[in-house]
Amino acid sequence: NICKLVVGVGSFALPGVFSDSGLWFGIFGVPLLAGLCVYSMHLLVACKRSVGPDARYFDIARHYFGPKASMMMYAAAIFASLGACAGYLDFMTPLIAETIGGSHLSIVLITYPLFVLLSWIRSFRYLAFTSILGDFAFLIAMT
């Protein structure tokens with residue numbers, strides 16, 4: 001789900017990336033960077049297999065780079081999650097404001113406590129149904 005969160009936010013930015021990067025970088029650079037991302041994911045899976053089947057991202061960092069790297073990974077995960085939430089909030093707020101009325105700031109102030117409450121949930125198991133609802137909403141939106 002966290003991977004879907006980060007990738008989902010990134011997919012919102014793709015049209016702007018192609019627009020701002022120019023023709024040649026858009027055609028060649030973006031697929032090259034995507035290939036590097038896929039390669040790094042393969043390396044990460046190989047590292048996970050060597051550490052153990054239950055290893056988490058932070059365990060892999062601790063095993064290969066030490067405890068300081070593990071703490072840096074925790075910090076990076078927190079900032080990535082905050083950035084993804086801010087991206088969704090920034091993307092959703094104008095749509096919500098247009099649908100139900102209200103200002104950008106009022107929608108942010110209303111939805112922010114909801115995000116805080118959702119962040120206190122200790123297991124994503126309780127949110128699995130929202131993934132299905134999101135997939136269903138996406139399917140409806142695309143038809």
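**Close-up views of helix packing**

**View 1. Helices α3 and α4 at their crossing.** In this predicted model, helix α3, which covers residues 57-65, and helix α4, which covers residues 67-100, have axes that come within 7 Å and cross at roughly 150°. Because angles over 145 degrees count as roughly antiparallel, α3 is described as roughly antiparallel to α4. The crossing of these two helices, α3 and α4, is right-handed. On the α3 side the contact is made by Tyr57, Phe58, Ala61, Arg62 and Phe65, and on the α4 side it is made by Pro67, Ala69, Ser70, Met73, Tyr74 and Ala77. Sorted by class, the residues of this contact between α3 and α4 comprise nine nonpolar, one polar and one charged.

**View 2. Helices α2 and α3 where they pack.** Helix α2, made up of residues 23-51, packs with α3 at an angle of about 75°, and the axes of the two helices lie 10 Å apart. The two helices, α2 and α3, are therefore roughly perpendicular to each other. From α2 the contact draws on Leu44, Cys47, Lys48, Ser50 and Val51, while from α3 it draws on Tyr57, Ile60, His63 and Tyr64. The contact of α2 with α3 has six nonpolar residues, together with two polar and one charged.

**View 3. Helices α4 and α5 where they pack.** The axes of α4 and α5 are 9 Å apart, and the helices pack at an angle of about 125°. That angle makes α4 oblique to α5. The crossing of α4 and α5 is right-handed. The residues of α4 that make the contact are Cys85, Leu89, Asp90, Met92, Thr93, Pro94, Ile96, Ala97 and Ile100, and they meet His104, Ile107, Val108, Thr111 and Phe115 of α5. When the residues of the contact of α4 with α5 are grouped by class, 10 are nonpolar, three are polar and one is charged.

**View 4. Helix α5 and its bend.** Helix α5 consists of 16 residues, numbered 104-119, and from its first C-alpha to its last it reaches 22 Å, close to the 22 Å expected at 1.5 Å a residue. At threonine 111 the helix α5 bends by about 25°, and a proline, proline 113, follows within four residues. Thr111, the residue at the bend, is also one of the α5 residues that make the contact with α4.

Note on methods: Residues numbered from 1 in each chain as written. Predicted model: local features only at pLDDT ≥ 70, side-chain atom pairs only at ≥ 80, totals over all residues. Heavy atoms only, no water. Axes fitted to C-alpha atoms, helices over the stretch in contact; angles between N-to-C directions. Parallel < 35°, antiparallel > 145°, perpendicular 65-115°, else oblique. Left-handed = near helix turned anticlockwise from the far one by under 90°. Contact = heavy atoms within 4.5 Å. Nonpolar A, V, L, I, M, F, W, Y, C, P; charged D, E, K, R; others polar. Expected span 1.5 Å × (residues − 1). Bend = angle between axes of the 7 residues up to and from the residue.
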